[in-house]
Amino acid sequence: MDAKYILQQALNALQLGSIYALIALGYTLVYGVLTMINFAHGDVFMVGAFLCFSAAVLLELPFVPALLFSMAGTALLGAAIERIAYKPLRRAPRVSAIITALGVGIFLESAMLALNPYPKSIPTLIDNVTWTFGGVTVSSLQLLIIALSLGLMLLLDFVVYRTKTGMAMRAISWDRALVPLMGVPVDRVVTLTFALGGALAGAAGTMYGLAYPVIDPYMGIMVGWKAFIAAVVGGIGNIRGAMIGAFILGGVEILVVAFLPSTYRDFVAFSLLLILLMFRPHGILGKTRAQKV
Amino acid sequence: MIRNNLLITATTVFLGSLMAVPNARAAAPAIRIGVIAEMTGDIPAVGASCKNAALMAIKEVNDGGGLEVGGARRKIELCIEDNAGKADQSASAAMKLITRQNVLAIIGPNASRYAIPAAEIAETSQTVLITPWSTNPKTTLDASTGLPKKYVFRACFIDSFQGRVVARFAFENLKAKTVAVLYDVASEYNKGVAEVFKANYTKLGGKIVASETYTTNDKDFSAQLTKIKSAAPDVVFLPNYYSEVPLQVQQAHRLGLQCVFIGSDSWGSADLLKLGGKDLEGYYFSTHYAADSAAPVATAFIANYKKTYGAVPDDVAALTYDAFGLLFMAIKNAGKADREAVRQALAVLPGYSGVTGNMTFSADSRDPVKSAVILQIKDGKFTYFTSANP
């Protein structure tokens with residue numbers, strides 16, 4: 001086990017962690033505002049990857065327009081899902097909303113299956129240059145993914161903590177009953193939150209599609225679950241926590257494979273996460289909220 | 001009274017005339033055959049090929065007036081079920097075909113992980129099931145006794161033969177001294193081929209320098225491939241499905257792992273080339289038949305398939321067509337459309353020459369004895385490289 005092997009694995013972990021982070025941000029944003037787990041998020045992410053595919057193959061757009069196309073599409077999808085599926089249930093028990101979210105996810109998968117059951121290959125939208133430094137390989141795509149996920153995290157942080165809309169979002173999460181009395185347009189802010197979450201899923205889908213260019217209608221399930229776990233580990237509802245959780249999950253997964261037989265990966269990785277949650281049940285950066293009776 | 005007699009006579013004459021010309025008995029019911037295919041799910045290209053070949057096989061027989069069974073010509077009716085790439089849905093599809101659609105026999109499913117559960121249902125319901133493409137030994141073996149199942153057959157060779165062929169190919173043809181293996185530990189097929197390969201390659205005198213696994217639906221193999229790269233093998237063996245192999249090879253190339261990659265029959269879908277492109281150029285895999293060096297019996301099938309579907313038939317299509325060929329021959333030999341009679345006829349079927357070569361069944365096994373071919377990916381096409389006999 002030499003240094004260059006460890007460095008290479010660390011880079012792999014950064015890439016995988018960034019991918020998880022891009023998806024985990026969307027989970028944590030919606031939860032932060034509505035304390036609702038949007039289980040359809042993984043499938044919106046899948047739609048994002050297919051939108052990127054359509055933009056690249058059918059419309060022949062280059063990288064940046066394709067990314068924006070996918071983000072705009074999933075933002076609309078996120079807002080539409082909120083209006084059609086979640087809004088009527090906003091006063092219903094929380095379980096109903098979760099079941100609805102799962103249902104929306106299955107709907108999106110099945111709709112995509114009906115449209116196209118075949119795995120698709122996303123063309124290389126950006127020239128992927130690989131550099132080798134003393135046996136360690138870094139690709140421009142890897143750097144782009146890491147930079148984009150950090151950038152989006154900072155942007156989201158800015159929106160939530162430095163803008164008026166963000167203040168409205170935080171206010172809604174604080175007290176949903178009182179906020180409308182202060183003149184905050186709750187419906188519009190909630191829809192905006194879902195649109196923002198959708199756009200994040202679109203960005204994640206596009207970057208994922210470039211990193212792992214074979215996409216299929218079921219791609220959102222497993223990676224969606226893992227990103228959700230990352231958000232919980234980091235403290236769901238907390239933006240920086242989602243990033244930390246994602247890098248921890250990616251890091252643990254890669255390190256287990258790097259130093260133990262790869263068959264142990266999920267077993268060891270998830271045992272570690274369970275132990276972590278035993279000591280910090282609200283996640284690393286999560287805060288305990290007083291429960292109103 | 002006289003009128004009544006007349007009526008009876010007329011009826012007798014009419015019935016008699018029907019008896020005399022058996023072919024005119026339009027009422028002979030169609031024989032129902034079930035197909036379970038992976039039309040949606042993770043390997044839809046496999047299901048599509050299976051369905052295409054099944055429709056072609058049925059059409060040929062029906063256009064020729066039907067299948068001759070015990071002196072009468074009977075049409076074939078197809079009942080197709082999608083298993084959605086799920087093990088439980090494969091079992092329920094088999095159950096539905098057997099009990100509700102009342103089929104004579106079932107063709108499919110194709111992937112071992114779906115064929116094994118469906119085979120259990122067929123065996124307990126005493127209905128013949130022929131899987132075209134499932135190469136895992138367990139498909140045709142009884143899980144508790146280890147003896148062959150009575151009602152489950154296949155049209156392809158089994159994993160142990162394939163693992164042996166690829167191990168010999170790596171050691172003798174590619175002169176590889178060290179090999180690394182990466183496979184899906186959650187999938188029966190991948191695990192089966194990988195284990196036999198490792199055992200045989202070591203027996204030949206080669207060395208397995210890395211044996212890494214992942215689970216179904218993983219897309220990131222960077223950790224495993226980095227580990228493989230540090231072991232510096234001559235050859236990497238990837239007995240994985242066509243939808244995963246392109247990702248694995250691309251990621252290996254990005255990590256700077258430059259060696260020969262080889263695979264097994266799960267590579268043999270045209271979609272492999274669509275998804276993998278130039279990354280796969282020059283690599284090898286073992287499979288059931290080569291479209292560019294097929295026997296004369298196969299050329300008609302290939303030409304016909306190309307005309308109907310506009311594509312070269314892949315191994316699933318060829319094997320599905322052969323599975324139907326085996327079944328039709330067994331029904332003819334049995335002389336009646338009866339599940340038990342067809343089973344008995346199939347178990348002792350003498351040599352059958354199909355698209356994928358000559359097959360014989362022996363009484364103590366439900367797996368045909370047949371040969372394998374090694375294909376190379378050359379100029380974006382599957383090209384015949386060599387063949388291996390049992």
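User: Which residue stands opposite Lys378(B) in strand 16 of chain B?

Analyst: Lys381(B) does. Lys378(B) belongs to strand 15 of chain B, residues 372-378. This is a predicted model, with local features needing pLDDT of at least 70 and side-chain atom pairs pLDDT 80 or more, while totals for chains, interfaces and linings use all residues. Residues are numbered from 1 along each chain, chains are lettered from A and ligands numbered from 1 in the order written, and side-chain values use heavy atoms, leaving out hydrogens and water.

User: What makes strand 15 and strand 16 of chain B a pair?

Analyst: Pairing takes at least two DSSP bridges between two strands (a strand is a DSSP run of E, at least two residues; a helix is one of H or I, at least four). Strands 15 and 16 of chain B have seven bridges, so they pair, and they run antiparallel.

User: Why is strand 16 of chain B called an edge strand?

Analyst: The open sheet in chain B has seven strands in the order 9-8-10-11-12-15-16, with mixed pairing. Strand 9 (207-214) and strand 16 (381-388) each have a single partner strand, so one side of each lacks a neighbour in the sheet. On average, neighbouring strands here are turned by 25° against each other, direction ignored.

User: Over in chain A, why are helix 5 and helix 7 called roughly antiparallel?

Analyst: Their angle is about 175°, and the axes lie 10 Å apart. Angles run from 0 to 180 degrees between N-to-C directions, on axes fitted to C-alpha atoms over the stretch in contact. Under 35 degrees counts as roughly parallel, 65 to 115 as roughly perpendicular, over 145 as roughly antiparallel, and the rest as oblique. Helices 5 and 7 of chain A therefore come out roughly antiparallel.

User: What makes up their contact, by class?

Analyst: It has 13 nonpolar, no polar and no charged residues. Among them, Leu148(A) and Leu152(A) are on the helix 5 side, and Leu200(A) and Met207(A) on the helix 7 side. Contact means heavy atoms within 4.5 Å.

User: How do you know which residues line the largest cavity?

Analyst: On a 1 Å grid over the protein atoms alone, a cavity is a set of points where a 1.4 Å probe fits but cannot get out, and lining residues have an atom within 4 Å of a point. The largest cavity holds about 230 Å³ of space. Its lining has 22 residues, with Leu16(A), Tyr20(A), Asp218(B), Lys219(B) and Asp220(B) closest to the centre. Helix 8 of chain A gives the most, four residues.

Definitions and conventions:
1 Å grid on protein atoms, 1.4 Å probe; cavity = no way out; pocket = protein on both sides within 12 Å on 5 of 7 lines; lining within 4 Å. Points joined across faces, edges and corners; volume = space filled by probe spheres on them. Nonpolar A, V, L, I, M, F, W, Y, C, P; charged D, E, K, R; others polar.
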